[in-house]
Amino acid sequence: MDYKYFPHTEKDIHEMLATIGVERLEDLYADVPESIRFQGEYDIPSEKSELELRQLFAELGQQNRQLVCFAGAGVYDHYTPSVIPSIIARSEYLTSYTPYQAEISQGTLHYIFEYQSMMAELTGMDVSNASLYDGSTATAEAALMAVAAGKKANRILISDTVDPKTIAVVNTYAHFQHIEIELVHHKDGVTDMQSMREKLAAGGVAGVIVQQPNYFGIIEDYTGLADTCHDNKSLLIMNSVAADLAVLKTPGEWGADIAVGDGQSLGIPMQFGGPYIGYMCCKEKLIRKMPGRIVGMTKDNRGQRAFVLTLQAREQHIRRQKATSNICSNQSLMALFVTIYMALMGKNGLKEVALQSYNNAHYLHEKLLATGRFMEVYRHPFFNEFCLKYDGDVSELLKRCEEEGIFGGIAMEDNMLLIAVTEKRTKEEMDHLVKIAAL
């Protein structure tokens, strides 16, 4: 046959097709309408040598434009220490897949334990799991977790100041679990607490999801929200950008029951959209409802320190349809990445990154307002991300920025622009953006 690297012979394929009751491979796609099927030939090059392949991918890579990034909305252009790629390639961290056999997985189990310890401290919570896929799915898993803990309650309240992408993922998860999601609309860029209290008082709410800083970059005041949730037998779920927690009040300090979010800001490059890492931390009383796995530290029969899987849900092959979650794998490589990042930076380094990002954002905010082309949308404290209204066409402004090698931010409705600034942005880069915007 033509495909010499495929393990199945023509006879094998025919036998398999006969077993499932179809005649041709094409019959497997009978449900896909002809109108949307690709009819042409695939543009796949013929076989190449290693050198030719490297040249091919180098040429493809050069088609990507590397812009100076002032966009955020959940993904941030932070500095990655150059030593990280070398450390994550060390042999003790290369255990493949899931570390079931502790004897041969000590490297993997060790760094997951360290990751959990650091994330629990960063969020001010009692315990962390071994990570999830990304911040959005972690938030959705937290919603399922709240419903499982609430037993009869089946509603989740979510502030519409949460990132719309996260809200969309929560809605997708909830739809197939028959969970009711209700938005709490914002007032002047922050969660309408009066509306939140009224909806909680109506009863049947398993959990409340808020974001800090919120989607508009605003630092919200959640004083008393945890008490209101608990008085109404609801859990408070707080989504945060991990790096911001180095200086902001932690979810634990706000009284949250579950802390979730994305860990991409802890040194993971933007990488055209992933892979990233979702974190989930909670109070100890909820540990049995937490999806994924937890690594613990113990001693072996010689008295030496050892690491083991202490708690692992693995519900998909134990409880199946009764499972709280079907999550079984974690972004382990990304967990290793952020663990090394946090260890290298230390507490002072994490704070310095956050403060530099904060200072840069406020510098750019003032300079853009001074051009006379922008006006404030919301007058609230912000961290390293802010929303301004432009007096022209935002799409045209972003096009001019792109021509000058700058990704100028995220276009929002009504000619608003969401801009993020990190410690990587120089004064020259910010002044360049201001100059373009002032035209």
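**Notebook: backbone, salt bridges, core and surface**

**Entry 1. Positive phi**
I located Asp-188 in the loop between strand E5 (186-187) and strand E6 (190-191). Elements in these notes are DSSP runs numbered from the N terminus, with helices (H or I) of at least four residues and strands (E) of at least two. I note that the model is predicted: local features need pLDDT of at least 70 and side-chain atom pairs count only at pLDDT 80 or more, whereas totals for chains, interfaces and linings use all residues. Residues are numbered from 1 along each chain as its sequence is written, and side-chain values use heavy atoms, with hydrogens and water left out.

I read a positive phi of about 55° for Asp-188, although this residue is not a glycine. Asp-188 is partly exposed, at a relative accessible area of 42%; buried means under 20%, exposed over 50%, and partly exposed in between, with a 1.4 Å probe and protein chains only. I found another positive phi, near 55°, at Asn-415, also a residue other than glycine. Asn-415 sits in the loop between strand E16 (410-412) and E17 and is partly exposed, with a relative accessible area of 32%. I recorded these angles because most residues other than glycine have a negative phi, and most peptide bonds are trans.

**Entry 2. Cis peptide bonds**
The bond from Gln-212 to Pro-213 is cis, with omega near -10°, and Pro-213 belongs to the loop between strand E7 (205-211) and helix H8 (225-231). The bond from Gly-274 to Pro-275 is cis as well, with omega near 10°. Pro-275 is in the loop between E9 and E10.

**Entry 3. Salt bridges**

I followed the pair of Lys-424 and Asp-77, whose side chains meet at 3.0 Å, N to O. This pair links distant parts of the chain, 347 residues apart: Lys-424 is in the loop between strand E17 (416-420) and helix H12 (427-437), and Asp-77 is in the loop between strand E1 (68-69) and H3. Lys-424 is partly exposed at 33% relative accessible area, whereas Asp-77 is buried at 11%. I traced a network of salt bridges that links Asp-77, Lys-424, Arg-425 and Glu-429.

I also checked Asp-192 and Lys-187, which form a salt bridge at 3.9 Å, N to O. Asp-192 counts as buried, with 17% relative accessibility, while Lys-187 is exposed at 53%. The side chains of Arg-90 and Glu-92 meet in a salt bridge at 2.8 Å, N to O. Arg-90 is partly exposed at 46%, and Glu-92 is partly exposed at 30%.

**Entry 4. Nonpolar core**
Which residues touch the most other members of the largest nonpolar core? I found Met-119, Leu-266, Tyr-279 and Met-342, in a core of 39 residues. Such a core is a set of buried Ala, Val, Leu, Ile, Met, Phe, Trp, Tyr and Cys residues joined through side-chain atoms within 4.5 Å. Helix H3 (84-88), helix H4 (106-123), strand E10 (278-282), strand E12 (305-312) and helix H10 (332-370) are the elements that each give two or more residues to this core. H10 gives the most, with 11 residues.

**Entry 5. Surface patches**
Accessible areas come from the Shrake-Rupley method with a 1.4 Å probe, and for residues only the protein chains shown count as cover.

Ile-20, Leu-25, Leu-28, Tyr-29, Val-32 and Ile-36 form a nonpolar patch, with about 600 Å² of accessible area together. I placed Leu-28 in the loop between helix H1 (10-20) and helix H2 (50-61); Leu-28 counts as partly exposed, at 46% relative accessibility.

Asp-393, Glu-396, Glu-403 and Glu-404 gather in a surface patch of negative charge. Lys and Arg count as positive and Asp and Glu as negative, with His and the chain ends not counted; the place of a charge is NZ of Lys, CZ of Arg, CG of Asp or CD of Glu. Asp-393 lies in the loop between strand E14 (385-390) and helix H11 (394-403) and is partly exposed, at 39% relative accessible area.

Note on methods:
Patches are made of residues with over 30% relative accessible area and no salt bridge: like charges are joined within 9 Å, nonpolar side chains (Val, Leu, Ile, Met, Phe, Trp, Tyr) within 5 Å. A salt bridge is a side-chain nitrogen of Lys or Arg within 4 Å of a carboxyl oxygen of Asp or Glu.
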